[in-house]
Amino acid sequence: MMKLSNMQKKLSKNETYVPAEDTFFLAEYLKNESGEKALDIGTGSGYLAKMLSLKFNLVLATDIDFFSIKKAHSLIENCICCDGASAITGKFDLIVCNLPYLPSHSIKDISVDGGKEGIVVPVNIIKTTKNLLKPNGKFLFLTSSLANCQMLVEKTKTLGFEAKIVSSKKLFFEKLIIIEAKNKSKMN
Ligand SMILES: C[S@@+](CC[C@H](N)C(=O)[O-])C[C@H]1O[C@@H](n2cnc3c(N)ncnc32)[C@H](O)[C@@H]1O
């Protein structure tokens, strides 16, 4: 059996995020996407990665939680346990991420806690995707009105992307928001 590092043990929570309203909203938005290579960051159960595998030739899925990655591996062949996309190289047509976006003082539940204003973890994840998009590729990530999503758009721009809100859905106590990021320079 594979041994877990201390950091992996700390992060491993022995339960995987169950696909929820946010997962299904992003899935619905993704249903017309197709291409050669896609990457699902923070794959959880592997639900989005599995869906993308029907439309893309190659799908990679990452999660920082080893337990989730083990579970997702029953649906998806290419699963990698890492922080964001830090272990990934190559160029993707599409990158997706249903981010942990809840504002939190500390990171107790890695599935949902996003740190201060719900953007600290998201920004760190987005940083790891620099240089991973094909020239016309796009990165679609999900956040919420509970987080400072305008600041997230601005921070994404400072990381070298063009970024804008492309869809939203009002729920009872929050608005789910999808942000699209593209390469600023098409020369990548
Ligand atoms: C909101 S859940 C989404 C799960 C799944 N993609 C879905 O839509 O149902 C966020 C996922 O991101 C993972 N995660 C949190 N921080 C991460 C990081 N820094 N790098 C990779 N994955 C991370 C969590 O373990 C969790 O599985």
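Helices (H or I, at least four residues) and strands (E, at least two) are DSSP runs, numbered from the N terminus. The model is predicted.

## Ligand shell

The ligand is surrounded by 24 residues, and the closest are T23, G42, G44, I64 and N98. Two or more residues of the shell come from each of helix 3 (47–53), strand 2 (56–63) and helix 5 (120–127). By residue class, the shell around the ligand comprises eleven nonpolar, ten polar and three charged residues.

## Nonpolar core

The largest nonpolar core contains 45 residues, of which L39, V59 and I95 touch the most other members. Beyond its neighbours within four places in sequence, L39 contacts L60, A85, I88, F92, I95 and L132.

## Strand pairing

Strand 7 (residues 133–144) pairs with strand 4 (residues 92–98) in the parallel sense, over six bridges. Within this pairing, L142 of strand 7 is the bridge partner of N98, a residue also listed among the closest to the ligand.

Strand 7 is also joined to strand 9 (residues 175–183) by seven bridges, and these two strands run antiparallel. Here T143 stands opposite I177 of strand 9.

## Positive phi angles

E117 is partly exposed, because 16 other C-beta atoms lie within 10 Å.

N131 occupies the loop between helix 5 and strand 7. Phi of N131 is also positive, near 75°, in a residue other than glycine. With 12 other C-beta atoms within 10 Å, N131 is exposed.

Note on methods: Residues numbered from 1 in each chain as written. Predicted model: local features only at pLDDT ≥ 70, side-chain atom pairs only at ≥ 80, totals over all residues. Near = placed C-beta within 6 Å. Nonpolar A, V, L, I, M, F, W, Y, C, P; charged D, E, K, R; others polar. Core = buried A, V, L, I, M, F, W, Y, C linked by C-beta atoms within 7 Å. Buried ≥ 20, exposed ≤ 12 C-beta atoms within 10 Å, placed from the backbone. Contact = placed C-beta atoms within 7 Å. Pairing = 2+ DSSP bridges.
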